[in-house]
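Try each task before you read its solution.

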Amino acid sequence: MSSISYDLTKIKAFAFDVDGVLSPSTIPLGADGYPCRMVNIKDGYALQLAVKRGYKIAIITGGKSEAVKIRFESLGIHDIYMGASKKLPILKEWMAKHGLEMDEVAFMGDDIPDLTCLRSVGLPTAPFDAVWEVKETAVYISKFSGGYGCARDILEQTMKAQEMWMSDAEAFGW
């Protein structure tokens, strides 16, 4: 049983911000001055399983990091948009590319730059530690903070609602 107040059987696609969602809000700086991001292995498992199950996944981030691109490509995600100063036009373009309606898309964001996207999808979601403006907009707020399983939370609940979670032997591998 899902704790999300939305018909999860409608969801065909997910879009995620990176900093504060797929990585924690606090990130160390490398000696070169560039941020070093952490990622959650359980988020990664759920993301690659969602790709295998046929869900469309987009990464839309203001950051520019080759490591981030490599990480999400290794999980089978091909729609990775970096340096996104305005995320909504990218989200709309991605939805059109895949023939998605707004009620078929879940977006997870944590901060002000994500608000326009959150307001433009059927299922706006947020990590537990999102800013209050995002929490006011979200239909669902994960019990997990950014970088600590909030993506897994929404992916797992959706796949369970659609009987796609642990539904065959493919689920037990990478």
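Buried means under 20% relative accessible area, exposed over 50%, and partly exposed in between, using a 1.4 Å probe and protein chains only. The model is predicted: local features need pLDDT of at least 70, side-chain atom pairs count only at pLDDT 80 or more, and totals for chains, interfaces and linings use all residues. Residues are numbered from 1 along each chain as its sequence is written, and side-chain values use heavy atoms, with hydrogens and water left out.

**Exercise 1.** Decide whether Tyr45 and Trp165 are buried or exposed, then classify their ring pair.

*Solution.* 
1. Tyr45 has a relative accessible area of 12%, so Tyr45 is buried.
2. Trp165 has 13%, so Trp165 is buried.
3. Recall the ring rule: rings of Phe, Tyr and Trp (its six-membered ring) pair if their centres lie within 6.5 Å; planes under 30 degrees apart are stacked, over 60 edge-to-face, the rest tilted.
4. The count by this rule is 3 aromatic pairs.
5. For Tyr45 and Trp165, the centres are 6.1 Å apart and the planes stand at 85°, so the pair is edge-to-face.

**Exercise 2.** Find which residues ring pairs link into a cluster.

*Solution.* Look at Phe14, Phe16 and Tyr55: ring pairs join them into a cluster.

**Exercise 3.** Find the ring under the charged end of Lys135.

*Solution.* 
1. Apply the test: NZ of Lys or CZ of Arg must be within 6 Å of the ring centre and within 35 degrees of the ring normal.
2. The charged end of Lys135 sits over the ring of Phe128, 4.9 Å from its centre.
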